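I am opening a notebook page on a structure that is new to me, and I want to record what I looked up and in which order. The sequence and the model come first, and my entries follow.

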Amino acid sequence: MPLLEVKNLSVQFRTDGGLQPTVTDVSFSLERGEMLALVGESGCGKSVTCMSLARLLPEPPVVLSGEVLLDRGPEHGGVADVLQLGERALRQVRGGCISYIFQEPSVSLNPVFRVGDQIAEAVRLHRKDVSDPFEEAVELLRQVGIPDPANRAKQYPHEMSGGMQQRVMIAMALGCAPSILVADEPTTALDVTIQAQILDLLLSLKKDRGMAVILVTHNLGIVAELADRVAVMYAGRIIETAPVAELIAHPIHPYTSALIRAVPVLGGEHNRLNTIRGTVPSPDKFGRGCRFCDRCEYADSLSEEQRRLCREEPPRLRELVPSHACACHFPPGLTAGKEA
Ligand SMILES: Nc1ncnc2c1ncn2[C@@H]1O[C@H](COP(=O)(O)OP(=O)(O)O)[C@@H](O)[C@H]1O
Ligand SMILES: [Mg+2]
């Protein structure tokens, strides 16, 4: 059993207009020590998916279904479905098994406490074996590459740069000794050099601690360098998943191909996703069938009968090549691969 296995996770928001299918039938698994990248344009449901893993979204208005099977380790009761857990067990999962770092460290750090105390508090809550949490906090600051950690620990968040604050957030997440670190666009707010440093740090933590990481990003370029596997989301669904090299070399779904074409070349100008006509539908506009079909140029070459299938039937995520799955009724990448 993998460390985490998500099966048919669906998340709906209760709104005045009824239930909105924000995340639909999402399935993926995460192995111990693996870095999985969750990629997709803004608004496709990446954050909602990640927050559901430890049930961080307020319920109601959120309606969750499916299974989030998590191996909590023998000392915490082994495998459980997070969606079925009571409050107490849930508190142990949050932080203890799954820790989060978000885009804006300034939102998660408390401005009135010294950073060392904030990290020490996380350690105190989750690691009964540590005798001196503050000393451990200093050690964690050192591990995330903060120079002069003993003095830095006594500073307040506002005395630090954005990059430093993000390192503090990572130290705080590590303070809980989680088996899974969810990094939700951890570098989007930072400038390019600092971005690279933070991503390097995540990679070395993964390697040194054998920690599993879910890295959320809208940038496939970042993913190529870091992740083991990629899951591409579009309009609340995973539409393709594969090992990173395989996905980038042989994308099957037309949306994935477009995302790859839109990756900015180093030194080149930033390409927006203008390689695809139209825009991402919002959850109240999701159709019954494939949510990409209105934008899919490949669909133009299909017969009317085939296009009706695209519009009416949601394509299932199917393994089309070993360990490479795609949700498309008429996968163009696959046809191209076969002809070659
Ligand atoms: N609390 C909420 N109530 C209603 N809709 C929400 C809420 N949070 C997010 N959404 C909607 O869910 C969709 C997915 O959002 P999100 O997961 O944040 O996207 P991403 O992280 O991929 O940019 C968006 O359409 C967003 O407007
Ligand atoms: Mg997000």
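I began with the domains, whose bounds come from an automatic or database domain assignment. The model is predicted, so I note that local features need pLDDT of at least 70 and side-chain atom pairs count only at pLDDT 80 or more, while totals for chains, interfaces and linings use all residues. Residues are numbered from 1 along each chain as its sequence is written, chains are lettered from A and ligands numbered from 1 in the order in which they are written, and side-chain values use heavy atoms, with hydrogens and water left out.

Entry on domains. I found the protein divided into domain 1 (1–97 + 178–340) and domain 2 (106–177), and their centres, taken over C-alpha atoms, are separated by 30 Å. Their contact (heavy atoms within 4.5 Å) takes 18 residues from domain 1 and 13 residues from domain 2.

Entry on the core. I looked next for a nonpolar core, meaning a set of buried Ala, Val, Leu, Ile, Met, Phe, Trp, Tyr and Cys residues joined through side-chain atoms within 4.5 Å, where buried is under 20% relative accessible area, exposed over 50% and partly exposed in between, with a 1.4 Å probe and protein chains only. The largest such core has 40 residues, and I101, I119, V168, I170, L202 and L215 are those with the most contacts inside it. Helices (H or I, at least four residues) and strands (E, at least two) are DSSP runs numbered from the N terminus, and α7 gives the most to this core, with eight residues. Because domain 1 and domain 2 both give residues to this core, it lies between them. Leaving aside neighbours within four places in sequence, I101 is in contact with residues including Q166, I170, L181 and L202.

Entry on helix packing. I took axes as lines fitted to C-alpha atoms, for helices over the stretch in contact, with angles from 0 to 180 degrees between N-to-C directions. The axes of α7 and α8 come within 10 Å and cross at roughly 20°. Among the residues that meet there are I170 and L174 in α7 and L202 and L205 in α8. For α4 and α5, the axes come within 8 Å and cross at roughly 115°. I listed I119, A120 and V123 of α4 among the residues making that contact, along with F134, A137 and L140 of α5.
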